[in-house]
Structure formats: structure tokens, C-alpha cells
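I opened the notebook to go through this fold piece by piece, beginning with the strands. The structure goes here before the entries.

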Amino acid sequence: MSLIYGATTRTARLNAVVTDAGATAVLEIGTTGMATVLATVALASPIGTVSGDVLTLTMPRSDTSADAAGTAAAARIRKATGGADVIT
């Protein structure tokens, strides 16, 4: 069963994501199931802005060197490198 949220709830949840991510959030890109992290990209603070029920990420900094080799298949936003997941 999937859940469908109304626009007001989506906006509130996205604002909570921006707040929860904090000032040191990172985007990790990995293989299937995040078995291997291929790249870690530091995100801006705040990570983005919410308008209506859409979160637009601020242009992240680039990762100048890959952490590992592999095929990108998953991503997550964490509070910091090795930190708690915000979005998986």
C-alpha cells in the first residue's frame, strides 16, 4: 500500500527534511542497497528551499575524487559523513 500525502503535509515534511539535515549534510551515492559508497558530496547549508510542496536542493559542491568504483544505483542524504540518515 502506498501513501499519498496532501500538499500541506508534503510541504511540512520537506521543511522538516531541510531542518533535520542541518549544516553538515552530505549526499552519498552508492551501489545497490548502498553496499558501497561511490561518492560523498557535501551539501550547502541549508540544503535547499521548499516552495509549495517541492524541495529544490541548493547546488551541491562537487566530489573531486570518487570513493570507490562501481555502478550508481542508490543515494541518501545524511546529517554528516557516517551520520544518521535524513532521506534514504
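Which residue stands opposite Ile29 in β2? I looked it up and found Ala39 there.

Before going further I noted that this is a predicted model, in which local features need pLDDT of at least 70 and side-chain atom pairs count only at pLDDT 80 or more, while totals for chains, interfaces and linings use all residues. Residues are numbered from 1 along each chain as its sequence is written, and side-chain values use heavy atoms, with hydrogens and water left out.

**Sheet.** I traced an open sheet of four strands in the order β2-β1-β5-β6, with antiparallel pairing; strands here are DSSP runs of E with at least two residues, helices runs of H or I with at least four, both numbered from the N terminus, and two strands pair if DSSP finds at least two bridges between them. The edge strands are β2 and β6 (85-87), each of which pairs on one side only. From one strand to the next the twist averages 35 degrees, with axes taken as lines fitted to C-alpha atoms (for helices over the stretch in contact) and angles running from 0 to 180 degrees between N-to-C directions.

**Pairings.** I found five bridges between β1 and β2, and five that join β1 to β5, where Gly30 stands opposite Ala74. Two bridges join β5 (residues 74-78) to β6, and there Arg78 stands opposite Asp85.

**The β1-β2 loop.** The hairpin of β1 and β2 has six residues between the strands, and Gly33 takes a positive phi near 70 degrees. I then checked Thr31, which lies in this loop between β1 (26-30) and β2 (37-42), and found it buried, with a relative accessible area of 15%; buried means under 20%, exposed over 50% and partly exposed in between, with a 1.4 Å probe and protein chains only. Leaving aside neighbours within four places in sequence, Thr31 is in contact (heavy atoms within 4.5 Å) with Thr36, Leu38, Gly70, Thr71, Ala73 and Ala74.

**Helix α1.** I listed the buried residues of α1 as Leu14, Val17, Val18 and Ala21. Seen down the axis of α1, they fall within an arc of 95 degrees, so they line one face of the helix; the arc is that of the directions from the helix axis to the C-beta atoms. These buried residues pack against β3 (48-51), β4 (54-57) and β6, whereas the face turned away from the buried side carries the exposed residues Thr8 and Thr19. Just after α1, Gly22 takes a positive phi of about 70 degrees.
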